[in-house]
Amino acid sequence: MNITVVGAGAFGTALAICLSKITAVTLWGRNGEHAAAMRQDRENRARLPNCAFPDALEISASLQEACAGDIVLLAVPMQQLKHFIDQNQAVLTQKTLVACCKGMDLESELGPLDVILRVLPDSQTALLTGPSFARDIASGLPTGLTLACADEAMGRILQHRLSTPTLRLYRTQDTVGASLGGALKNVIAIACGAAMGAGLGESARAAVMTRGFAEIQRLAVEKGAQPGTLAGLSGFGDLVLTCTSTQSRNYRLGVSIGEGVDFDPTTTVEGAATAKAAHKMAQKEGLDMPITAAVAGLVENRLDVQEAMQRLLSRSLKEE
Ligand SMILES: NC(=O)C1=CN([C@@H]2O[C@H](COP(=O)(O)OP(=O)(O)OC[C@H]3O[C@@H](n4cnc5c(N)ncnc54)[C@H](OP(=O)(O)O)[C@@H]3O)[C@@H](O)[C@H]2O)C=CC1
Ligand SMILES: O=C(CO)COP(=O)(O)O
């Protein structure tokens, strides 16, 4: 049975390369010229250069043609997901939709699965999330991810269909925890990058990461997440990876903010919009999320790093 990967960015391409070693995969990209170039070059030079496509990987610019199978992996950026689902409802009905993006929709503050279900309420949905850089997955390096699916039986099927000898999926029914862990770790990665870029030191980064994790837990548990999920790959695991690696775009955006240098605005950085959405949500819920508030201020240019750190340090002392 064919698996479709929608979105020929770095992550969609990496998943398509990895999965096509064990099953039939079609990678769909919206741009016909880009699809033709990938077909000819047998690599995605624009988004994931130097990662060769296995011979079996099919490329298509026709969504109808690409979605012949039953499982569709959605690897478009979070802020594009609603528009994509809206535009392609007819093709996507009756499919099992596996969201592979991380974040909260800025307008609705919903995570990927709720964005899908608002448009296609009868869909089978799941979320693939956790610590992984596209290049590592495409290179066949060992990777552990979380497959979150509310329907246990479907979760088991997807876990088996999407695991490979190098990509090991762990299963959970806690879609809220997996979704919010993956979304909010990017916000904290921006904060950690900013601390490092501003020269505040590795001790400061460890404090921001740990107190950031406390904020993730606070919001996610309020929304119904299980604490165990947040301690797993989709939460703590991805937080560690993203807050400590210069491969992360969220971390690198933070470093640029801390250094006071420009950052390419076309780069996909999910944590920027998610910081704003999470800050709004925390205010509505009456939750204390000072690091998230600071990141929202940084990405909206309302604060600089020194002011943000001063605000955090001058808060009243409290129990951990
Ligand atoms: N890169 C990574 O290491 C990882 C990424 N992720 C997640 O994967 C998601 C995608 O990120 P990533 O692949 O890295 O991003 P990229 O910036 O590499 O690529 C984004 C892709 O999405 C396509 N796209 C944008 N809008 C639409 C749309 N409306 N319809 C169809 N396609 C669209 C773009 O097409 P075009 O080229 O035509 O602009 C582009 O190919 C993010 O949520 C990210 O957090 C998760 C784990 C790892
Ligand atoms: O989600 C990721 C790692 O798990 C990728 O991180 P960036 O989007 O910050 O590059």
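Tutor: Start with the cut-off: a residue is near a molecule or strand if its C-beta atom, placed from the backbone, lies within 6 Å of it. The model is predicted, with pLDDT of at least 70 required for local features and 80 or more for side-chain atom pairs, while totals for chains, interfaces and linings use all residues. Residues are numbered from 1 along each chain as its sequence is written, and chains are lettered from A and ligands numbered from 1 in the order in which they are written.

Take ligand 2. It has 13 residues around it, and Pro131, Asp238, Ser248, Arg249 and Asn250 are the closest. Two or more residues each come from α9 (175-197), α12 and α13 (249-259). Helices here are DSSP runs of H or I with at least four residues, strands are runs of E with at least two, and both are numbered from the N terminus. The top contributor is α12, with 3 residues. By class, the shell has 4 nonpolar, 5 polar and 4 charged residues. Nonpolar means Ala, Val, Leu, Ile, Met, Phe, Trp, Tyr, Cys and Pro; charged means Asp, Glu, Lys and Arg; the others, Gly among them, are polar.

Follow α12 to the sheet. This helix (residues 233-244) lies across β6, β7 and β8, at about 145° to β7. Contact means C-beta atoms, placed from the backbone, within 7 Å. Angles run from 0 to 180 degrees between N-to-C directions of axes fitted to C-alpha atoms, for helices over the stretch in contact.

The sheet itself is open and mixed: 8 strands in the order β3-β2-β1-β4-β5-β6-β7-β8. Pairing requires at least two DSSP bridges between two strands. The edge strands are β3 (58-60) and β8 (167-172); each has a single partner strand, so one side of each has no neighbour in the sheet. On average, neighbouring strands are turned by 25° against each other, direction ignored.

β6 (residues 124-129) and β7 (residues 143-148) are antiparallel, with 3 bridges. Leucine 128 is bridged to leucine 147 in β7. β5 and β6 run parallel, joined by 4 bridges. There, threonine 96 faces glutamine 124 in β6. β4 (residues 71-74) is also joined to β5 by 4 bridges, again in parallel. Valine 72 is opposite leucine 97 in β5.

β5 (residues 96-99) is covered on both faces: Thr96 and Val98 on one side, Leu97 and Ala99 on the other, all buried. Buried means 20 or more other C-beta atoms within 10 Å of a residue's own, exposed means 12 or fewer, and partly exposed lies in between, with C-beta atoms placed from the backbone.

The largest nonpolar core has 59 residues, and Leu15, Leu73, Leu74 and Val98 touch the most other members. Such a core is a set of buried Ala, Val, Leu, Ile, Met, Phe, Trp, Tyr and Cys residues joined through C-beta atoms within 7 Å. Leucine 73 has contacts beyond four places in sequence with Ile3, Thr4, Val5, Val6, Leu15, Val98, Cys100 and Leu128. A second, separate core has 47 residues, among them Cys192 and Leu253.

Last, ligand 1. It has 26 residues around it, and Gly9, Ala10, Phe11, Cys101 and Thr268 come nearest. α4 gives the most to this shell, 4 residues.

Note on methods. Two residues are in contact if their C-beta atoms, placed from the backbone, lie within 7 Å.
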